Amino acid sequence: MTDSIFLLFIRWFFWQAPVEVLRTGRNFLTWTWRFFSIGYFVPRLFAPWHKDVSSYGRGFDLARFLHVWGWNFISRFIGAVLRLVVMAAGLVVFIFFTLLTLAAFILWYVLPILIVGLFFAGFITPTLRI
């Protein structure tokens, strides 16, 4: 026996559509996480920028050692700063999509009730007479 159109609508409205809202939100969150490479950058935070490291060479020369060590430190610092900026921007977008998904999920259930309530409130409130 088939369900009535009303029961199909109820099933869709209260179960299928909210699952799709959450699935869409999860897709946006996954896209954000991958687009900004947050999971990739975290373990490589202090890696040199574009693998730009200098070799210390053979033997020991204090001036050359300090020069190469300083350049390698600067390369790692630049890499960390740029990765942190990208990850911070990614986290801002991630939080935005999280809040947007939650708002869409909550509004899915609240707006029909609000529409009906405002419809009946329009009959109850007195009209303005000018």
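Is Asp3 buried, partly exposed or exposed at 34% relative accessibility? In this predicted model, Asp3 counts as partly exposed, because its value of 34% lies between the 20% cut-off for buried and the 50% cut-off for exposed.

The side chain of Asp3 meets that of Arg11 in a salt bridge, with N and O 2.4 Å apart. Arg11 is also partly exposed, at a relative accessible area of 40%. The count of salt bridges comes to two. Side chains of opposite charge can pair when their charged atoms come close.

Another salt bridge joins Arg23 to Glu20. Here the closest N and O atoms are 2.4 Å apart. Both residues belong to helix 1 and stand three residues apart, so about one helical turn separates them. An α-helix has 3.6 residues a turn, so residues three or four places apart point the same way. Arg23 is partly exposed, with a relative accessible area of 37%. Glu20 is partly exposed as well, at 40% relative accessibility.

Helix 1 spans residues 5-35 and has 31 residues. From first C-alpha to last, helix 1 reaches 42 Å. This is close to the 45 Å expected at 1.5 Å a residue. A bend of about 40° occurs at Trp12.

The buried residues of helix 1 are Phe13, Ala17, Pro18, Gly25, Leu29 and Thr32. These buried residues pack against helix 3, which covers residues 62-124. Just after helix 1, Ser37 adopts a positive phi of about 55°.

Definitions and conventions
Residues numbered from 1 in each chain as written. Predicted model: local features only at pLDDT ≥ 70, side-chain atom pairs only at ≥ 80, totals over all residues. Heavy atoms only, no water. Helix = DSSP H or I, 4+ residues; strand = E, 2+ residues; numbered from the N terminus. Expected span 1.5 Å × (residues − 1). Bend = angle between axes of the 7 residues up to and from the residue. Buried < 20%, exposed > 50% of the residue type's maximum accessible area, 1.4 Å probe, protein only. Contact = heavy atoms within 4.5 Å. Salt bridge = Lys/Arg side-chain N within 4 Å of Asp/Glu carboxyl O.
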